[in-house]
Amino acid sequence: IPEEILYGGLYLFGDGEYLYLAASPYDAAGTSTVETISDSGIININTTSDTPPVLYRMNLDGTNREKIHTLPDGVIVEGDFFSDGNYFYTVTKKLEAETEGNTTYTKGYDKKLIRIDRESGKEEDVLSLGTDATILGCYGRSLILAENDYGKELTQEEIFDDNAFRAAYENSVYKITSVNIDTGAVTTLKEIDQSQLHTELVKDGCLYISYEKDTGIDKIDLASFEQTTIPTEKNYNIDY
């Protein structure tokens, strides 16, 4: 079994008559690594990998596995893969380490949406993303993205200080947007104060949002961007 399949994050998905398996080093951003072993026996935790992400294609029964693409060194894959029949789309980023004393902090940068040609394996950049951006789903030629807006770029000290980060998080705004991957056009779908806990789901051409403190589920049509509210008698978590 190839080493890159044994270690790191794995993404298995089907498309057409094939199964695909992507393997990527674990995402070490937002964690800290103890660099030294003290007399008290602190263990050195390795949160990085020199193995670049790879993409395999195989038959639906797992036979005839072949490597069709290898991403550059120093890059990790973050999140799922989406297909439009010709390309696979996914998010990648690079990791940067900063050392203070005996502790190394790792943060992500140069985050972007890329696409990989299903046949040739050629990789292309599609658009740059904020370091906090995640993909909630897709509709037509658009991706539905979510990102925290803190009003500023947080320092490493703020990120790793529990009280400072909690305060910044509760004062941030959670922005959900629709981004056309062909034109780059961005449409804001919803802005939510992070002090209000919420969950989201993209399904069947709609974005659904539920809230911890409110009854009712917001429904946004991803074709017309029209918003309605589904009344409920109590709070629901849309994940369930």
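Lys112 counts as buried, at 18% relative accessibility; buried here means under 20% relative accessible area, exposed over 50%, and partly exposed in between, with a 1.4 Å probe and protein chains only. Lys112 forms a salt bridge with Asp125, and the closest N and O atoms are 3.2 Å apart. By salt bridge I mean a side-chain nitrogen of Lys or Arg within 4 Å of a carboxyl oxygen of Asp or Glu. Asp125 belongs to strand β9 and Lys112 to strand β8, so this pair ties together parts that are 13 residues apart in sequence. Strands are DSSP runs of E with at least two residues, helices are runs of H or I with at least four, and both are numbered from the N terminus.

Before I continue, a word on the model. It is predicted, with local features requiring pLDDT of at least 70 and side-chain atom pairs counted only at pLDDT 80 or more, while totals for chains, interfaces and linings use all residues. Residues are numbered from 1 along each chain as its sequence is written, and side-chain values use heavy atoms, with hydrogens and water left out.

Let me stay with the charged pairs. The structure holds 13 salt bridges. One of them joins Arg118 and Asp15, at 3.0 Å from N to O. Arg118 is in the loop between β8 (103-117) and β9 (123-128), and Asp15 is in strand β1, so the pair ties together parts that are 103 residues apart in sequence. Arg118 and Asp15 are both buried.

A further salt bridge connects Asp218 with Lys190, where the closest N and O atoms are 3.3 Å apart. Asp218 lies in strand β16 (residues 217-221) and Lys190 in strand β13 (residues 186-193), so that distant parts of the chain, 28 residues apart, are linked. Asp218 and Lys190 are likewise buried.

I turn now to the aromatic residues. How many aromatic pairs does a search of the whole structure find? The search finds nine, where rings of Phe, Tyr and Trp (its six-membered ring) pair if their centres lie within 6.5 Å, and planes under 30 degrees apart count as stacked, over 60 as edge-to-face and the rest as tilted. Phe13 and Phe88 form an edge-to-face pair, with 5.3 Å centre to centre and 75° between the planes. Phe13 is in strand β1 (residues 9-15) and Phe88 in strand β7 (residues 87-100), so this contact ties together parts that are 75 residues apart in sequence. Phe13 is buried, at a relative accessible area of 15%, and Phe88 is buried at 1%. Ring pairs also link Tyr11, Phe13, Tyr18, Tyr20, Phe81 and Phe88 into a cluster.

Two arginines are placed over tyrosine rings. The charged end of Arg115 sits over Tyr87, 3.9 Å from the ring centre, and Arg65 lies over the face of Tyr56 at 5.5 Å. The criterion is NZ of Lys or CZ of Arg within 6 Å of the ring centre and within 35 degrees of the ring normal.

Finally, strand β11. Six of the eight residues in β11 (residues 142-149) are buried. Strand β10 (residues 134-139) pairs with β11 in the antiparallel sense over five bridges; pairing requires that DSSP finds at least two bridges between the strands. Gly137 has Ile144 of β11 as its bridge partner. The two strands form a hairpin with two residues between them, and Gly140 in the turn has a positive phi of about 60°. Strand β12 (residues 173-180) runs antiparallel to β11 and is joined to it by eight bridges, with Asn148 opposite Tyr174 in β12.
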